[in-house]
Amino acid sequence: MGEMLGTVEVLRRYPVKGLLGEEIAAGDVAATGLTGDRGLALVDAETGKVASPKNPRIWRGMLALSAAVEAGGVRVTLPDGESLRADDPHVDEVLSRALGRKVTLTSTPPEKAALERAVPEEVLSEGVTARVTVQESVLGAGSPPGTFFDYAPLHLVTTSAIAATGVEAVRYRPNLIIRTAGEGYVENGWAGTEVAVGEEVVLRVTVPTPRCAVPTLEHGALPRDTSALRTPAAHNLVEPLPGYGPRPCVGVYAEVLRPGRIRSGDQVRLLD
C-alpha cells in the first residue's frame with residue numbers, strides 16, 4: 001500500500017438514472033459499479049434517447065423525483081410524496097404524467113444508447129428554459145456494455161474539491177465522497193493511478209469529470225445554484241481526454257479492477 005489519500009465519508013447510489021438517489025452505509029462493487037446504481041433509466045418515447053437533466057429545458061423535473069432500493073426492487077417517489085414500485089404496471093403512465101412527456105422505465109439500454117446534453121455555458125447565459133445547443137452524448141464509453149453510466153461505472157469526489165466549489169456534494173452526483181486533507185481539486189492528480197478502497201476493492205482512476213449543467217439545477221429542496229459550474233470554470237479547467245479541450249471539472253471517474261465491498265469509513269490508498 002502506498003500513500004493515504006483519504007477515507008470514504010459517504011456512499012451514494014442512484015437507482016434510476018437522472019433521479020435523486022440515496023445514501024448507503026455500505027455496498028458491493030462489481031465491474032458494473034455499485035450494486036443498484038443506475039440499474040434503471042427512463043427512455044423518451046419520442047426520441048428513443050435516455051432521459052437526462054443534462055438537457056434541463058426538457059428534463060430538469062427529473063431532479064424532483066427520487067429512487068431508492070428496497071427489498072426485491074426499486075421504489076420511486078414523486079414530489080407530492082406519492083410513491084410506487086418500478087415494477088408497478090402503471091409506473092410508465094405515472095412517470096410520464098409527472099414529467100410531462102411520455103417515457104418508459106427500463107433496465108435495458110437502447111441500442112447505441114445516447115442522451116442529449118445541453119451546452120452548459122449556454123444554459124448559464126440563457127437560462128434553463130431557453131432553447132440552447134444540444135449535443136448527443138453516447139453512454140458508457142468507459143463502462144462495460146449494457147450499463148447506463150455517462151462514462152465510467154464509479155464517480156469519486158473529494159471533500160477538498162467540494163470545499164473549493166462551495167456547494168453541496170450531492171449536486172455532482174458522486175458514488176463516493178472521499179474525505180481528504182488537501183486543498184482544492186486534489187483528485188485531478190489521481191487520474192491514471194490505481195487506488196485501494198478498504199480491504200477488497202481496487203479501482204483505476206481514469207479521467208477528471210467534466211461538468212454539465214446538472215449541478216446548477218434544483219435538486220429536490222436545494223435551489224438552483226450556478227456557482228456549481230461557474231466556480232470550477234474559473235478555477236479548475238482541465239482537459240479530461242486528449243482533444244477534448246479544457247472543461248470545468250469536479251471529481252474523477254474510475255473503473256473497477258477488483259470487486260468487493262466498500263463501507264463508509266474505509267481508507268483510500270494509492271497503490272505502489
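The chain contains 5 helices and 19 strands, where helices (H or I, at least four residues) and strands (E, at least two) are DSSP runs numbered from the N terminus. The model is a predicted one, in which local features need pLDDT of at least 70 and side-chain atom pairs count only at pLDDT 80 or more, whereas totals for chains, interfaces and linings use all residues. Residues are numbered from 1 along each chain as its sequence is written, and side-chain values use heavy atoms, with hydrogens and water left out.

For 272 residues, a compact globule would have a radius of gyration near 19 Å, and the value of 18 Å found for the chain agrees with this; the radius is taken over C-alpha atoms, and the globule rule is 2.2 Å times the number of residues to the power 0.38. Along the principal axes, the C-alpha atoms fill a box of roughly 50 × 45 × 35 Å. Of the contacts (heavy atoms within 4.5 Å) with a separation of 6 or more, 65% are accounted for by residues 24 or more positions apart.

Buried residues make up 52% of the 272 residues in the chain, buried meaning under 20% relative accessible area, exposed over 50% and partly exposed in between, with a 1.4 Å probe and protein chains only. A221, which is placed in the loop between β15 (201–210) and α5 (227–235), counts as exposed because its relative accessibility is 83%. The C-alpha atom of A221 is separated by 15 Å from that of R173, a residue 48 residues apart from A221 along the chain.
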